Amino acid sequence: AVSSVGKNLQSLENSVGSVTGPLADITGGILKLDAALVAAAVGLTAYGISVADNFGTSFAEIATLIGQPASSLGEFKEQIQAYAEGSSSSFQEITDATYNAISAGVDYSDSLSVIEQAEKLSIAGRADLGITTKALVSTMNAFGAEMSEAEAYSDIFFTTVQKGQTTLPELADSIGKVAPLAAQAGLSFDELGAAVAAITAGAGVSTTEAMTSLQGAI
C-alpha cells in the first residue's frame, strides 16, 4: 500500500511538473519508508523463521520426554503456541518451563495450567519463570500435592515473600532443602511458609539461615 501511494505521487509529480515541487519531497520520503519497511519485513521474517525453528527443536525435546512422537502431539503444540500469544514470557522460557515441569513429574496435560500459576508468581515475585516453575513443582511434589493445587501453593509462596524479609529467588534456591523434611514431619507448606516469614522478619536472618534453623528444629 505504501509503495502504491509513493508510485502514484511520483506519477502525479511527473505529469504536472514544477508546480508540485513539495510533492517531490513527499514522494521521496514515502519511497524511503517503503524501502525501510521492506528491510524490516525481511528482518522480521528471518527472526520468525529462527523462533519457529527453535520452538520446533524445543517441542521435539518435550515430545521425547513425554514418550510420544511430536507428530502425535499437535494439539498440545497448539496449546503451547496459544498460551505464548497471551504470555509476557518468551517462547523459549515457556518451552523450558514446560520441559522442566514435565521432567519433574507433571503430566503434560496439566503442565500449562501449572506454568500459568508459576508465571503469575514469577511476575509478582520478580523472578525467572524457569526458577519459579521448578520451585513450585518440586515443593508440590515434596508435600504430595495435586497439580490442581498449584494456585494455592503459589499463593503461599507469595504470602511468605510478602510477610517475611525474603525474595522469591531466595526461597526457590533453598526451599528444596527443607520441604521434604517438613512434609515427612507432618507439617503443611502453609506452616512452613509461615515459619520462614516469621523467622526472616522477626529475627532478621537471611533466608538460607532461616532454612538451616528450621531444618535443625524439625
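Rings of Phe, Tyr and Trp, the last by its six-membered ring, pair if their centres lie within 6.5 Å. I note this cut-off at the start, and I note also that the model I consulted is a predicted one.

**Entry 1: aromatic rings**

I looked up the ring pairs by this rule, and the count comes to 8 aromatic pairs. I then took up one of them, that of Phe-55 with Phe-59. A pair of aromatic rings is described by the distance of the centres and the angle of the planes. For Phe-55 and Phe-59 I recorded 6.2 Å centre to centre and 45° between the planes. This pair is tilted, because planes under 30 degrees apart count as stacked and those over 60 as edge-to-face, with the rest as tilted.

I next asked where Phe-55 and Phe-59 lie along their helix. Both belong to helix α2, which covers residues 21-66. They are 4 residues apart, so about one helical turn separates them.

**Entry 2: helices α7 and α10**

I turned to helix α7 (residues 150-163) and helix α10 (residues 189-202). Their axes are 8 Å apart, and the packing angle is about 15°. The two helices are therefore roughly parallel to each other, since angles under 35 degrees count as such. I noted the crossing of α7 and α10 as right-handed.

From α7, the contact is made by Tyr-153, Ile-156, Phe-157, Thr-160 and Lys-163. From α10, Phe-189, Asp-190, Gly-193, Val-196, Ala-197 and Ala-201 take part. Sorted by class, the contact of α7 with α10 has 7 nonpolar, 2 polar and 2 charged residues.

**Entry 3: helices α6 and α7**

I then examined helix α6 (residues 129-142) against α7. These axes lie 10 Å apart, at an angle of about 110°. That makes α6 roughly perpendicular to α7, because the range for this term is 65 to 115 degrees. The crossing of α6 and α7 is right-handed.

Which residues make this contact? I listed Ala-135, Leu-136, Thr-139 and Met-140 of α6, with Ala-150, Tyr-153, Ser-154 and Phe-157 of α7. By class, the contact of α6 with α7 has 6 nonpolar and 2 polar residues, and no charged residues.

Key:
Residues are numbered from 1 along each chain as its sequence is written. This is a predicted model: local features need pLDDT of at least 70, side-chain atom pairs count only at pLDDT 80 or more; totals for chains, interfaces and linings use all residues. Side-chain values use heavy atoms; hydrogens and water are left out. Axes are lines fitted to C-alpha atoms, for helices over the stretch in contact, and angles run from 0 to 180 degrees between N-to-C directions. Angles under 35 degrees count as roughly parallel, over 145 as roughly antiparallel, 65 to 115 as roughly perpendicular and the rest as oblique. A crossing is left-handed if the near helix is turned anticlockwise from the far one by less than a right angle, and right-handed if clockwise. Contact means heavy atoms within 4.5 Å. Ala, Val, Leu, Ile, Met, Phe, Trp, Tyr, Cys and Pro count as nonpolar, Asp, Glu, Lys and Arg as charged, and the others, Gly among them, as polar.
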